[in-house]
Amino acid sequence: MSDHIPTSRGPAIVAHGLRKSFGDVVALDGVDLTVKAGTVFGLLGPNGAGKTTAVKILTTLLRADDGTAEVAGLDVVRRADELRSRIGLTGQYAAVDEYLTGRENLEMFGRLYNLPTDVARRRADELLAQFDLADDASRVVKTYSGGMRRRLDLAASLIIFPEVLFLDEPTTGLDPRGRLRMWDIIEELAAGGATILLTTQYMEEADRLADRIAVLDRGRVIAEGTTDELKAQIGGERLEVTVSDEGDLPRAVDVLRTHCGPEVQVDAERRHASVPVTAGARALAAAVRELDGAGIHIDDLSLHRPTLDDVFLSLTGRVAAPTEEEAAGDGGRAPATEGAR
Amino acid sequence: MSAPAEPWVRQHIMRSSGPGRALTHAAVMAKRHLIQIPRIPELIVFATIQPIMFVVLFRYVFAGSIIVGANESYINFLMAGIFVQTVAFGSVATGIGLAADLQQGLIDRFRSLPMAPSAVLTGRTIADLVRNMFVVGVMIAVGLLVGFRPDGSLFGWISAIGFLLLLSFTFSWVGASVGLAVRSVEVAQSAGFIWLFPFTFASSAFVNPANMPGWLRAFVENQPMTQVVNAVRTQILGLSPEAARALSISEGAEWRALAWLLGILVVMVPLAVRLYRRAAARPR
Ligand SMILES: Nc1ncnc2c1ncn2[C@@H]1O[C@H](COP(=O)(O)OP(=O)(O)OP(=O)(O)O)[C@@H](O)[C@H]1O
Ligand SMILES: [Mg+2]
């Protein structure tokens, strides 16, 4: 997957003031985005935030009511047709033909990307091997698992080595193993130099995969930056300690105050104290030594890095996404309409 | 910094556009649907069983009480109606298939590809043509088994098949528009049939309109389905002008049928393509 080479050095995606309404529903309310070539950009937001709408506009499926966008240096409206031979899209739901085999699907899409038959076939075989689908290539997709379908779907969007790849919630509906696998694949693509815009509802996912993140809420970008910048907005790391014996808590607080800083928060009931730290790992090591030296028994000592959930909560006052439990319950559920034929 | 090498596949992308590309892509899409036919045998089986039931029921239940005139047996009269009905009902499958593609997000993927916008529709309507002709072939065989003895010339049969092909192609575009407009498989199923019932049964397909009340007859004799049935019937039975008149077929049915079908096609193709282009902007 090392052959994704951005052909231009400028930004791969630039959008200015994108607006889109569906009747009364404002899906996008003035969105600006800039994605540097060769980077992974995470568009993060809860259900209905406007992620899919933004992806559809950038991939020429929808026209914005207002605003402009260029992808790979091409205007998404005026040069839509040219652009379509340079991008790949994996939509929110696996869009492959159920009654064709994996290979037939990839060959068909290859032909539709204007590749000659033999090239489409060679490329299909290459992708099937790459995505671990070679053994199932001659089975109809109907018999595939959700994870296999997702991989085939992603493979279909990579046929022409797109300069810019759009992935709309690539892991939604996958089980934890399927998700980890998809993450590995995306990381590999990114390492190969692809420009990727991915949308997700999972903070963890954006945190792990994206170089920069925009948080989308009700059609607006409410925050943008690197993961670290976003985390900095709500404060950095905290050192947290839980002592075994409540009587030791005051002495533990003293240790934290001298070695880490004065702003120690104490929760006596939970025998717990925490303090913001700058050099997290060093502070952690020092705290272990000092607490041990003072003969204080500890149940737990950890460095808490703020998650993007914390970011969202602090930006909007609301929780962003369904919890992992809910999401797991949702896993594998097909969209209401899938499978109907 | 030297320019990076192009990935190998990109050098092979054909810079095609216009009608050439539209044809190639339509062929790719038609192949997709033709591959599917044997993999969903239920579809073709039921598409065949239904008209077989019509043939058998009409042949044995009504034949005794329906006298169509011109010394033609009822089964000879009936078969043109069966062919047209079979092909017309086949258009519902076109709409259902497109609605399914929309629901599954396949249309979104197609629209993100450098594809000719008409190809998804052309490919499907062409594949449906092949499927319809297969079913018509089965119907001819079934008809022969139950006493169908047409007197048409070879030329008559060729032109009748020509009419059925054009009917299939035209009505598939109507079915496609229905499917793209309603966007759900279930609705495409019922909406696809509803408009077909009055046009199929209030036509010359199964009975001679001469026996209908005047007001109904006015509709029947002027609607497109009747023209197509009359054209096919005249050709496959090799009717003389007098015999045709006895079956309420006035002269020039072939031209009227042709004009109707081409007229409908000219309206429906751009409408369907327009609905297709707008498909992504509408709710899933
Ligand atoms: N085709 C449409 N017709 C009407 N309303 C739409 C359409 N597409 C999106 N919307 C509305 O626009 C808003 C944004 O939708 P969008 O699908 O972009 O959100 P999303 O961030 O992708 O959500 P999800 O996480 O659920 O996929 C929602 O309120 C949605 O109901
Ligand atoms: Mg979405």
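Let's begin with a definition: rings of Phe, Tyr and Trp (its six-membered ring) pair if their centres lie within 6.5 Å, and planes under 30 degrees apart count as stacked, over 60 as edge-to-face and the rest as tilted. One word on the source: this is a predicted model, where local features need pLDDT of at least 70, side-chain atom pairs count only at pLDDT 80 or more, and totals for chains, interfaces and linings use all residues. Residues are numbered from 1 along each chain as its sequence is written, chains are lettered from A and ligands numbered from 1 in the order in which they are written, and side-chain values use heavy atoms, with hydrogens and water left out.

**Exercise 1: aromatic rings**

Find out how many aromatic pairs the structure holds over all chains, and work out what kind of pair B:Trp195 and B:Phe199 form.

Solution. Start with the count: there are 18 aromatic pairs over all chains. Next, take B:Trp195 and B:Phe199: their ring centres are 6.2 Å apart and their planes stand at 65°, so this pair is edge-to-face. Now check accessibility (buried means under 20% relative accessible area, exposed over 50%, partly exposed in between, with a 1.4 Å probe and protein chains only). B:Trp195 has 22%, so it's partly exposed. B:Phe199 is partly exposed too, at 27%. Finally, look for a cluster: ring pairs link B:Phe54, B:Phe58, B:Phe89, B:Phe193, B:Phe197, B:Phe201 and B:Phe206.

**Exercise 2: the nonpolar cores**

Which residues touch the most other members of the largest nonpolar core?

Solution. First, the term: a nonpolar core is a set of buried Ala, Val, Leu, Ile, Met, Phe, Trp, Tyr and Cys residues joined through side-chain atoms within 4.5 Å. The largest one has 135 residues, and A:Phe109 and B:Phe110 touch the most other members. Then ask who contributes: helix 3 (residues 74-103) of chain B gives the largest share, 18 residues. Helices (H or I, at least four residues) and strands (E, at least two) are DSSP runs, numbered from the N terminus. Last, a second, separate core has 31 residues, among them A:Ala12 and A:Leu28.

For B:Phe110, list contacts (heavy atoms within 4.5 Å). Not counting residues up to four places away in sequence, B:Phe110 touches residues including A:Met108, A:Phe109, A:Leu112, B:Met29 and B:Tyr276.

**Exercise 3: the magnesium ion**

Which residues coordinate the magnesium ion (ligand 2)?

Solution. Donors are N, O and S atoms within 2.8 Å of the metal (3.2 Å for Na, K and Ca), and since water is not among the atoms, sites may look incomplete. The donors here come from A:Thr52 (OG1) and A:Gln92 (OE1), at 1.8 to 2.2 Å. Now place them: A:Thr52 is in helix 1 (residues 51-58) of chain A, while A:Gln92 is in the loop between strand 6 (87-90) and helix 3 (102-112) of chain A, so the pair ties together parts 40 residues apart in sequence. A:Thr52 is partly exposed, with a relative accessible area of 25%.

**Exercise 4: a sheet with a hairpin**

Solution. Two strands pair if DSSP finds at least two bridges between them.

Now zoom in. Nine bridges join strand 1 to strand 2 of chain A, and A:Phe22 stands opposite A:Val25. These two strands form a hairpin with two residues between them, and A:Gly23 in the turn has a positive phi of about 60°.
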